[in-house]
Amino acid sequence: MADLFIKQSKQYAKARPDYPEGLFEYIASKTNCHDLAWDVGTGNGQAAGSLAGIYKNVIATDTSQKQLEFAIKLPNIRYEHTPAVMSIAEIEQKLAPKSSIDLVIVAQALHWFDLPTFYQGVNWVLKKPNGVIAAWCYTVPRVNNVVDTVFDRFYTVDVDPYWDPARKLVDNKYRSIDFPFEPVDGEENTGPFEFMTERLMDLDGFFTYIRSWSAYQTAKEKGVELLSDDVIAAFREAWNDGGDGNKAVKFPVNLRIGRVGN
């Protein structure tokens, strides 16, 4: 996973959408205490920064040292460069003792994980019985009917061969991802629950977002430029239809949330 993002870490930090405030407020309302949260696969620390405003302390980990170099720096966030898979002993040594964490989050990364091993660590480190795990992904951006038509063809035809198979879990809004936890208080299931985030972008910013995809980097390494002149021209024509400049780009966010129980 880390290798896919190393070469475009700057673009990732610059182009990825922020997560909605309501998402964090909802998650925080489901945790009894707000002492310690763990952001796994933190990337550039987008989610960790939001957690830091709610939880007393945040541990944020990633397998990519390059990504962590661009992470948000706040006094109550501790960043750790970790291996892709951590044993219970490594979790205890590097992160926190048993049953000591209120919340574990995974933002746009759970589909990359070795889930059985990861969930073993989650069950070990979360407080019992109400420690919460929350994982979310955002799916394809929506701009307007004209731009979306060009984007959807580009995404499903041009880009699809270069996605890792795990991307299908994102396209399915995490409905089919293994998530063996109990519903949090007030909910009948573990989701997915939909939120929405929005970012104002010009066309160059939209292209920067596309270039931050792992699929874009994979294609480039195979000698394929996904944003060819023809593709750029098609996007430019659609973007400028009805006026160029900044547009509100919406990203649907799909959340799975549960508690460990006993």
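This is a predicted model: local features need pLDDT of at least 70, side-chain atom pairs count only at pLDDT 80 or more; totals for chains, interfaces and linings use all residues.
Let me turn to the overall build. The protein has twelve helices and seven strands, and its C-alpha atoms fill a box of roughly 55 × 35 × 35 Å along the principal axes. Does the radius of gyration agree or disagree with that of a compact globule? For 262 residues a compact globule would have a radius near 18 Å, and the protein has 19 Å, which agrees. Buried residues make up 53% of the 262 residues, and, if we take the contacts with a separation of 6 or more, 75% of them are between residues 24 or more positions apart.

Now to the charges. There are 28 positive and 35 negative charges in the protein, and their mean positions are 3 Å apart. The structure holds eleven salt bridges, and I would like to go through some of them.

One of them is between the side chains of Asp148 and Arg142, with a distance of 3.9 Å from N to O. Asp148 is buried, at a relative accessible area of 11%, whereas Arg142, at 27%, is partly exposed.

Another salt bridge is formed by Arg167 with Asp171, where the closest N and O atoms are 3.7 Å apart. These two residues are four positions apart in helix H9, which covers residues 167–171, so about one helical turn separates Arg167 from Asp171.

Which parts of the chain does the salt bridge between Glu182 and Arg259 tie together? The closest N and O atoms of this pair are 3.2 Å apart. Glu182 lies in the loop between H9 and strand S6 (193–201), and Arg259 lies in strand S7 (residues 247–259), so the pair ties together parts that are 77 residues apart in sequence. Glu182 is partly exposed, with a relative accessible area of 34%, and Arg259, at 18% relative accessibility, counts as buried because the cut-off for that class is under 20%.

Finally, some salt bridges share partners, and in this way Asp35, Lys56, Asp102 and Lys127 are joined into one network.

Conventions: Residues are numbered from 1 along each chain as its sequence is written. Side-chain values use heavy atoms; hydrogens and water are left out. The radius of gyration is taken over C-alpha atoms; the globule rule is 2.2 Å times the number of residues to the power 0.38. Buried means under 20% relative accessible area, exposed over 50%, partly exposed in between (1.4 Å probe, protein chains only). Contact means heavy atoms within 4.5 Å. Lys and Arg count as positive and Asp and Glu as negative; His and the chain ends are not counted. The place of a charge is taken as NZ of Lys, CZ of Arg, CG of Asp or CD of Glu. A salt bridge is a side-chain nitrogen of Lys or Arg within 4 Å of a carboxyl oxygen of Asp or Glu.
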